Amino acid sequence: MKIAVEGCCHGELDKIYETIAYMEKKEGVKVDLLLCCGDFQAVRNEEDMKCMAVPAKYRTMQTFYKYYSGEKKAPVLTIFIGGNHEASNHLQELPYGGWVAPNIYFLGYAGIVRYKGIRIGGLSGIFKSRDYRKGHHEFPPYNPDTLRSVYHIRNMEVFKLKQVQMPVDIFMSHDWPRGIYHYGTTEELLRKKKFLRQEVETNTLGSPPAEELLAHLQPNYWFSAHLHVKFAAVMQHLPKGKASPRVTKFLSLDKCLPYREFLQIVDVPERLGSSDGLEYDPEWLAILKATNSLQRTTPVLWNPPENNGLHERWDFSASEAAMMEAVKDLNGELAIPDNFTRTVRSYDPNRPQPHANPRCHTNPQTTELCALLGLTDLCAKAAHLSEGSGRAAPGEEEEEWEDGQSMGSADEQSEYPSDTSGMSRSFNPDEITIEDEWDEEAGEQEMQELEVISEVKAAVAFQTHRPMVLPKPISDVSPSHLSHLSELAPTAHSTPTTAQSQQRNDEVEDPASVTRILKRNSDEAGDGSGRGVTPRLKRRNQVIYSAVDDEDEEAGAKFWHKV
């Protein structure tokens with residue numbers, strides 16, 4: 001089965017599907033499934049736009065509304081998780097997952113589904129210690145603080161995922177598991193993103209809860225995004241009991257822009273005799289039922305039950321009987337119903353409504369699932385119990401839309417001793433604050449280079465990279481008979497050649513590779529002696545939505561035209 005994996009979507013659905021179609025034609029393959037690793041931006045209208053945590057000047061209507069309205073339909077089944085730039089009010093309607101448009105499925109705050117026998121799980125959002133132990137208390141209309149905290153992951157969702165005992169094939173998270181960068185070509189990563197060195201060397205880059213889930217779930221594949229860089233790693237886990245050690249292949253991809261490595265196709269074996277459609281996972285349904293009483297919709301801090309003599313129950317893993325009961329609740333039908341329903345109006349370019357205010361909506365999909373399984377509709381409960389609490393109180397407004405400025409309660413202690421998510425301005429698990437910059441001192445040289453580049457830009461064409469080469473598994477335990485696993489890299493049907501230094505030094509130079517000097521960035525700027533240039537800080541999240549360089553726009557126009 002061919003699965004296309006995409007990094008940060010940023011609302012560019014049309015371009016992603018066009019790229020898949022091009023790759024299918026070029027490589028002679030058929031993509032069965034698309035997985036998007038966050039920042040999907042399922043924006044239906046102007047109200048949703050106001051619920052997305054980006055500066056107002058960068059809130060632009062992309063193309064998702066066309067799929068929501070029915071004007072277009074996704075050509076390939078798409079499954080996605082949430083990131084830190086989402087229409088949060090829309091996704092909150094589907095806390096347990098559901099269709100945001102025909103053929104486009106959201107996994108929920110956390111979730112596991114099956115497709116052709118493959119178990120696919122995911123965790124939406126990013127880690128921030130100050131909100132980690134709170135309930136899902138945010139709902140529209142958001143204030144500047146809840147607009148950002150709404151997409152922070154909660155220990156409730158991580159606790160549910162830790163109850164999973166059966167093997168998971170694929171798992172997705174937006175931010176990286178902490179420490180995964182030690183299992184790949186770390187120096188190559190730091191060459192691309194120099195500003196990450198301090199966090200990498202102190203092992204504070206990434207999500208501690210995702211690190212724990214990686215150790216617990218040990219999936220065959222783990223896909224992420226968020227850092228806007230392609231990075232591959234192979235991690236060999238310590239064996240559980242008498243079982244053989246498992247290996248996880250990790251892949252993070254870039255954001256959707258021309259000549260960036262944002263898309264890759266991997267080949268995952270199908271399981272014979274499995275259903276062809278998208279299905280609920282019995283174990284996950286049983287866990288949802290078992291943990292429903294633990295759900296919270298208040299900002300009160302909560303700790304999961306432990307085996308310390310203080311809790312009546314601490315093990316919420318699913319027994320076979322509990323799984324059978326969940327299947328019985330669905331009348332034996334595990335196929336996820338095609339029950340997409342529009343809950344709000346769709347954006348109309350001819351009749352814009354810029355002054356529409358966000359409101360909290362329930363979704364019939366969630367209502368139906370909750371009725372069948374006896375679950376709590378969190379959106380409805382939060383709106384009922386916390387009416388009006390989402391509005392900003394006097395003096396609560398913040399001057400800048402800078403994610404991570406609010407430090408939360410001063411006396412709140414993180415359960416992760418090394419957590420620095422509220423301290424470092426370049427700490428990427430919450431946002432990317434340093435982005436590619438031109439070197440001021442090299443300005444004149446850049447202009448001379450542009451004159452040379454202009455002569456070869458006409459020859460720049462869409463190219464495919466060589467298959468991804470994964471590093472050897474890194475582990476404290478490395479049995480010799482598992483050494484061949486390092487060669488089992490997923491089939492890589494590649495993506496547009498990047499205008500930055502995404503190609504390896506041993507590749508043959510071509511017109512596309514010549515353009516690598518077109519967009520000098522802070523990671524590569526420097527002279528032949530290796531002297532680096534200190535990157536400059538930008539206002540948070542702004543660069544993610546800023547326009548690409550004029551040169552990239554010209555090259556991008558050629559690329560999208562060719563697609």
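## A tour of the salt bridges

Across the whole structure, a search finds 25 salt bridges, each being a side-chain nitrogen of Lys or Arg within 4 Å of a carboxyl oxygen of Asp or Glu. The model is a predicted one, in which local features need pLDDT of at least 70 and side-chain atom pairs count only at pLDDT 80 or more, while totals for chains, interfaces and linings use all residues. Residues are numbered from 1 along each chain as its sequence is written, and side-chain values use heavy atoms, with hydrogens and water left out.

Select arginine 271 and aspartate 169, whose side chains meet in a salt bridge at 2.8 Å, N to O. This pair links distant parts of the chain, 102 residues apart, with arginine 271 in the loop between β12 (263-267) and β13 (278-280) and aspartate 169 in the loop between α7 (155-161) and β8 (170-173); helices (H or I, at least four residues) and strands (E, at least two) are DSSP runs, numbered from the N terminus. Aspartate 169 is buried, at 7% relative accessible area, whereas arginine 271 is partly exposed, at 40%; buried means under 20%, exposed over 50% and partly exposed in between (1.4 Å probe, protein chains only).

Next, select helix α9 (residues 197-201), where glutamate 201 and arginine 197 are four residues apart and therefore separated by about one helical turn. Their closest N and O atoms are 3.3 Å apart in a salt bridge; glutamate 201 is exposed, with a relative accessible area of 58%.

Then select glutamate 24 and lysine 30, joined by a salt bridge of 3.9 Å, N to O. Here glutamate 24 is buried (17%), and lysine 30 is exposed (54%).

Finally, select Arg114, Arg119, Asp281 and Glu283, which are linked in a network of salt bridges.
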